[in-house]
Structures are given as C-alpha cells and as structure tokens.
Amino acid sequence: MSREISFKYKAPLKFQDRFITASGEVRATVEFRTFDTLWFNTGTLCNLKCSNCYIESSPLNDSLVYISFDEVRNYLDELDELQLDPPQIAFTGGEPFMNPDFLKILDECLSRDFRILVLTNAMKPMQHKKTELKQLKDRYPGSELILRVSIDHYDQSVHEAERGPKSWWPMIDGINWLRDNKFTIKIAGRSLAKETSEECRMGYGRLFQELGLKLNPDDLDDLVIFPEMDPLTDVPEITEKCWNILSVSPDAQMCASSRMVIKRKGAAHPTVVSCTLLPYDPGFELGRFLKHSVGKTHLNHPHCAQFCVLGGASCSS
C-alpha cells in the first residue's frame, strides 16, 4: 500500500490537475537549471518520531530504505558526466547516521572534493560514530563538511513537545561535541511558536551565545527557519501569473536547482524525485537516472505554495 500522504483540502478540487488549477488557470512550472544540490535520502528510519514530520520518519517507518554506498557512487559517477561544476551533496533522512553505509558514503563524497551538507539531530546515532566521524574530518582537512542540526525551537519545552520527552539534552550534547571538535555547524529551526521572525531569531541568538556557537541568528545560512506545513490549511495554488504578482522568481525554487535520490521499500533500484518534501507523491517521481530528471516541474502540491513559493524556504544551503 502506498504511503502517499493524503491531504484534506477545504477546496477538494485543488491540486488535482497537473497543468490547470481549480480556477482554470495555467499552473506554474519551474524549469530545471543545473544541479546546485543533489540530495540523497538515506532512509526514513529515525531514532525520533516527531509529531509533525513531513516525511513521517520514525523508528518503524522504513518506507524509504537505506540507500547503499554503491548506489550513491553510481549517481556521483553520473553527475560527473552531466556537469563540470560540482554541486553540493546533501543528506537527509530519517537520521542519516543510522544508515550503516553512511560514513563510507561521506568518505567517497569528500574524496571527490564535493561540498557536503548533512541534516542530523546530533543525538545517539551520530554520537555512536564520534571516532569515525572525527577521523573522517581529519582525513580531509579543508573540506567543506557542514552538519546542520535540527533544533525545532530554542525553548526546551517547545522543542520537546515536537520531538518528544528527553530529546533536548542529548541534542545539546551532540552540538557541544561538534563545537569542541571544530566541525562546521549550522542550525535548522521551525516556526512552531506564535512569534514574529525577529523574536524567533533573537531567541535562537540567545541559545547560540549560551552554547558558545559562533553563529549569526540573522544569517539565513547559519539559521534556517522552516515554515510549518499544515495539511489542513487551505493553500492557494500557484499559477503562472503569480511569479509577477508575488515578485518571486521560478529560478529561486528548490526544484530549479536540486533533486533528491530515494529508494522505496521493495524497489530494485533508487529513483529520482524533484523535491525533498515530496518523496511519496508519484507525480514528482522522475525516473531512475539523473539525466532524465532535468525537465520541468509542475507545482501541483500544497507544499509547493506553503513551503517554497509563499514560505520562501529552501532545504539547501
């Protein structure tokens, strides 16, 4: 049975037709430009079960299975053939450090001089690999390896309401270890509290000072604040006219410059999808190879509007 997420729209005719919106207008599309970021989903298994995880990661969800070292290497080889400028290679999950091949995969990427971004909760799965991770960092001095740690809110109670009891201090321990061993740390937060953007960033700024992190809370790279994606919200569809109305460029959307590789449970091989947020929707599946994934993306999903076009967010650095 498919794990495609079902949305209960107030306007049920929305997001039904790939080309035309419910109002009969031409749906907005995004042309692929180049690979600025190639994402790999390492698998949906995670040590946490967050209450509003967009990909439904948990200790039991293996809908997306662990991608293997050989599978990643094949995509890196294909990427070398497609473009000269190396993109950023990024990893998400689930929790990437639960994948048994992950450190070997990181080693391969670093050996090819890719810039690396790893999304992690910095908890036990990462901490169990401290020795190997430190050895990897020392093996490639000067390489760009960024660990983006998820702190759902700077307030412990709000963070744990989303991530579960006792999820705060193990995460803080992981951040402290990364800081002490001079890893490059970035932070990802979420708009979970009823507060302004300024209040949110000031709160994270106080936490950064407490943790001794040399991060600027107003820097959109140091601190990414992701908008919430409420499946019950009546989200407007994005038409071709919206680019001018909103003064937003289609080239600024994630699907203009990134793709994600996933492997579904039971599948013979991985596949490429156009967006990190839509691993379960078959309408965004682009085939087995990167070379077949470089076409146009039709913004036929609430996340396209809520997270990207209107939310102004991007998972990439």
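This is a predicted model: local features need pLDDT of at least 70, side-chain atom pairs count only at pLDDT 80 or more; totals for chains, interfaces and linings use all residues.
Lys 14 belongs to the segment before β1, whereas Asp 234 sits in the loop between β7 (223-226) and α8 (242-246), so the pair ties together parts that are 220 residues apart in sequence. By salt bridge I mean a side-chain nitrogen of Lys or Arg within 4 Å of a carboxyl oxygen of Asp or Glu. Helices (H or I, at least four residues) and strands (E, at least two) are DSSP runs, numbered from the N terminus.

Residues are numbered from 1 along each chain as its sequence is written, and side-chain values use heavy atoms, with hydrogens and water left out.

How accessible are the two partners? Lys 14 counts as buried, at 15% relative accessibility, and Asp 234 is partly exposed, with a relative accessible area of 36%. Here, buried means under 20% relative accessible area, exposed means over 50%, and partly exposed lies in between (1.4 Å probe, protein chains only).

A second salt bridge joins Glu 25 to Lys 241, with the closest N and O atoms 3.7 Å apart. Glu 25 is in the segment before β1 and Lys 241 in the loop between β7 and α8, so this pair ties together parts that are 216 residues apart in sequence. Glu 25 is partly exposed, at a relative accessible area of 29%, and Lys 241 is exposed, at 56%.

Let me turn to a pair within one helix. Asp 138 and Lys 134 meet through their side chains in a salt bridge (2.9 Å, N to O). These two residues are four apart in helix α4 (residues 130-139), which means that about one helical turn separates them. Both are partly exposed: Asp 138 has a relative accessible area of 43%, and Lys 134 has one of 25%. In the whole structure, the search finds 20 salt bridges.

I now come to the cysteines. How many disulfides does the structure hold? The number is zero, where a disulfide is a pair of cysteine sulfur atoms within 2.5 Å. For Cys 53, the closest cysteine sulfur is in Cys 50, 5.9 Å away and therefore too far for a bond. For Cys 304, the closest is in Cys 275, at 6.5 Å, again too far for a bond. Cys 53 is partly exposed, with a relative accessible area of 22%, whereas Cys 304 is buried, at 8%.

Next, the surface. Patches are made of residues with over 30% relative accessible area and no salt bridge; like charges are joined within 9 Å, and nonpolar side chains (Val, Leu, Ile, Met, Phe, Trp, Tyr) within 5 Å. Accessible areas come from the Shrake-Rupley method with a 1.4 Å probe, and for residues only the protein chains shown count as cover. Phe 19, Ile 20 and Val 26 make a nonpolar surface patch of about 270 Å². Val 26 lies in the segment before β1 (29-31) and is partly exposed, at 49% relative accessible area.

Glu 198, Glu 199, Asp 218 and Asp 219 form a negative surface patch. Of these, Glu 199 is found in helix α7 (residues 197-211) and is partly exposed, with a relative accessible area of 42%. Lys and Arg count as positive and Asp and Glu as negative, while His and the chain ends are not counted. The place of a charge is taken as NZ of Lys, CZ of Arg, CG of Asp or CD of Glu.

Finally, the backbone. Most residues other than glycine have a negative phi, and most peptide bonds are trans. Asp 113 has a positive phi of about 65° although it is not a glycine; Asp 113 is found in the loop between α2 and β4 (115-120) and is exposed, at 63%. Lys 182 also has a positive phi, near 60°. Lys 182 is placed in the loop between α6 (168-180) and β6 (184-190) and counts as exposed at 66% relative accessibility.

Where is the cis peptide bond that involves Gly 94? The bond joins Gly 93 and Gly 94, with omega about 5°, and Gly 94 is in the loop between β3 (88-92) and α2 (102-111).
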